[in-house]
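User: I have a new model open and would like to go through it with you. Could we start with the charged side chains and then move on to the helices and the overall fold?

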Amino acid sequence: MAKVILTHEVSGLGIAGDVVDVKDGYARNYLVPRKLATPWSAGAEKQIEGLRKARRAKEIATIEGAQAARDALQSAPVVVEVKAGESGRLFGAVSPADIANAIGARATVDKRRIHVAQPIKALGEYQVQVSLHQDVAANVTVKVVAAK
């Protein structure tokens with residue numbers, strides 16, 4: 001087993017700053033090359049603390065603030081304008097970054113906290129889940145319309 005420090009959130013494993021034990025091959029072949037984790041060492045304690053401070057600064061501090069942001073996001077659909085063909089198919093797909101930019105005015109959301117179940121490749125309305133806090137998530141309606 002290898003001991004690693006997570007640098008980003010990995011679903012099913014932990015969040016940035018966590019020290020976890022994983023199998024050697026998973027760490028060597030997946031986590032470290034993708035910069036999702038770094039090998040643990042005695043000198044890495046400062047790095048862990050720095051990651052935790054950065055995470056606290058980014059996250060919404062209180063559950064009440066997260067709930068207020070959830071209510072703002074769920075109040076009305078988020079409109080994303082994209083290039084589309086005449087049949088309604090998109091040139092590409094709507095990414096979590098596009099959704100985060102569209103949400104921008106209502107709440108500050110990191111694109112890595114937006115979970116899209118299926119790739120969005122056509123015009124219409126879709127449901128996506130946005131993690132605002134460890135205990136608070138919002139189900140947001142995303143309306144994809146053709147750009148003019």
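Analyst: Happy to; please keep in mind that this is a predicted model. A search of the whole structure finds 3 salt bridges.

User: Which residue meets Glu-9 in a salt bridge?

Analyst: The partner of Glu-9 is Arg-113, with a distance of 3.9 Å from N to O. This pair joins distant parts of the chain, since Glu-9 sits in the loop between strand S1 (2-6) and strand S2 (19-22), while Arg-113 sits in the loop between helix H4 (96-103) and strand S6 (114-115), 104 residues apart.

User: Why does Glu-9 count as partly exposed?

Analyst: Its relative accessibility is 44%, and partly exposed covers the range between the buried limit of under 20% and the exposed limit of over 50%, so Glu-9 falls into that class.

User: And what are the other two pairs?

Analyst: Arg-70 pairs with Asp-71, where the closest N and O atoms are 3.8 Å apart, and Asp-110 pairs with Arg-112, where the closest N and O atoms are 3.1 Å apart.

User: Changing topic to helix H3: which of its residues are buried?

Analyst: The buried residues of H3 are Ala-66, Ala-69 and Leu-73. Seen down the helix axis, they fall within an arc of 60°, so they line one face of H3. On the other side of the helix, Glu-64 and Ser-75 are exposed.

User: What do those buried residues pack against?

Analyst: They pack against H4 and strand S9 (137-146).

User: How does the length of H3 compare with what its residues should span?

Analyst: Helix H3 covers residues 63-75, and at 1.5 Å a residue its 13 residues should span 18 Å; the end C-alpha atoms are 18 Å apart, so the two values agree.

User: Zooming out, how many helices and strands are there?

Analyst: The protein chain has 4 helices and 9 strands, and along the sequence they follow the pattern β-β-α-β-α-α-β-β-α-β-β-β-β.

User: What share of the residues is buried?

Analyst: Of the 148 residues in the chain, 30% count as buried. The accessible surface comes to about 9,200 Å², and 50% of that belongs to carbon and sulfur atoms.

Key:
Residues numbered from 1 in each chain as written. Predicted model: local features only at pLDDT ≥ 70, side-chain atom pairs only at ≥ 80, totals over all residues. Heavy atoms only, no water. Salt bridge = Lys/Arg side-chain N within 4 Å of Asp/Glu carboxyl O. Helix = DSSP H or I, 4+ residues; strand = E, 2+ residues; numbered from the N terminus. Buried < 20%, exposed > 50% of the residue type's maximum accessible area, 1.4 Å probe, protein only. Expected span 1.5 Å × (residues − 1). Arc of directions from axis to C-beta. Contact = heavy atoms within 4.5 Å. Areas by Shrake-Rupley, 256 points an atom, 1.4 Å probe, with all protein chains shown as cover.
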